[in-house]
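Me: I have a structure open and would like to go through it bit by bit. Can you take my questions as they come?

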Amino acid sequence: MTTHQYQSPSLPINVPSKAPAPASLYPVSRVSGSPPDISDTSTTAGSRTSAGFSYGSGSIGGDYESSSVSYSGVDVVDILNDRMQDVFDPTPLDKGLAMQAQTSGQLNAKQRELLELQALAQRRLKGVRATFNDGIKVARETKRDLEWTQKRVNALKTKAEKAFPDEYRRSAKKYTLDD
């Protein structure tokens, strides 16, 4: 006994190309109605048998296309927005935005604080520079005064040595000064 295996006929399938389709192929417009809810039973129209697949009368496309109800003025975008609002929970996004706003506020406060500290540091630096410049001026004046005093002492020493040589030698032996 020979067994014959039944092969189902191949059906044409539209395969989208990998190239991007022009925007005109997917217009956003009003359609004649909302799509019907597809139940789980309509999606499983075929059943497995030992000889292959057998197809029932119902199919996804057939049920939708064979619907004879006329819909008027239904906006697909509105329907999708309504469904998205039912599914999407904005709470985590709101929490994230609140946290971002708080962090941004804290960063702005720190930025202002840094600018205030920078201005304070610049004012202090100006004060320190003024004090330093005054100190340099005083140090130069003191050096000039010390040099004048040293010259005056040397001149007096030379004058005393010439005027009173004996007394100068005795005092030099008694009070030795390091030059």
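This is a predicted model: local features need pLDDT of at least 70, side-chain atom pairs count only at pLDDT 80 or more; totals for chains, interfaces and linings use all residues.

Me: Where does Asp75 lie?

Reply: Asp75 lies in strand E4, residues 74-75. Helices (H or I, at least four residues) and strands (E, at least two) are DSSP runs, numbered from the N terminus. The contact with the backbone nitrogen of Val77 is at the start of H3.

Me: Is Asp75 buried or exposed?

Reply: Asp75 is buried, with a relative accessible area of 17%. Buried means under 20% relative accessible area, exposed over 50%, and partly exposed in between (1.4 Å probe, protein chains only).

Me: What about H3, how many residues has it?

Reply: H3 has 12 residues. From its first C-alpha to its last, H3 reaches 16 Å, close to the expected 16 Å. The expected span is 1.5 Å times one less than the number of residues.

Me: Zooming out, how many helices and strands are in the protein chain?

Reply: The protein chain has 5 helices and 4 strands. Along the sequence they follow the pattern β-α-β-β-α-β-α-α-α.

Me: And what share of the residues is buried?

Reply: Of the 179 residues in the protein chain, 3% are buried. The accessible surface of the chain is about 17000 Å², with 57% of that belonging to carbon and sulfur atoms. Accessible areas come from the Shrake-Rupley method with a 1.4 Å probe, and for residues only the protein chains shown count as cover.

Me: Which residues make the nonpolar surface patch?

Reply: Met84, Phe88, Leu93 and Leu97 make a nonpolar patch of about 400 Å². Patches are made of residues with over 30% relative accessible area and no salt bridge; like charges are joined within 9 Å, and nonpolar side chains (Val, Leu, Ile, Met, Phe, Trp, Tyr) within 5 Å.

Me: Where is Phe88 found?

Reply: Phe88 is in the loop between helix H3 (76-87) and helix H4 (91-163). Phe88 is partly exposed, at 42% relative accessible area.

Me: New topic. How many salt bridges are there?

Reply: The count comes to 2 salt bridges. The term means a side-chain nitrogen of Lys or Arg within 4 Å of a carboxyl oxygen of Asp or Glu. Side chains of opposite charge can pair when their charged atoms come close.

Me: Which residue does Lys110 meet in a salt bridge?

Reply: Lys110 meets Glu113, at 3.8 Å from N to O. The two are 3 residues apart in helix H4, so about one helical turn separates them. Glu113 is partly exposed, with a relative accessible area of 37%.

Me: And which residue does Asp166 form a salt bridge with?

Reply: Asp166 pairs with Arg169, and their closest N and O atoms are 3.5 Å apart. Both lie in helix H5 (residues 165-174), 3 residues apart, about one turn of the helix. Asp166 is partly exposed at 45%, and Arg169 is partly exposed at 48%.

Me: Last one: what does the side chain of Thr103 reach?

Reply: The side chain of Thr103 reaches the backbone oxygen of Met99 at 2.8 Å. Thr103 lies in helix H4 and counts as partly exposed at 38% relative accessibility.

Notes: Residues are numbered from 1 along each chain as its sequence is written. Side-chain values use heavy atoms; hydrogens and water are left out. A polar contact is a pair of N or O atoms within 3.5 Å; within protein, one must be able to donate a hydrogen and the other to accept it, and residues adjacent in sequence count only if both atoms are side-chain atoms.
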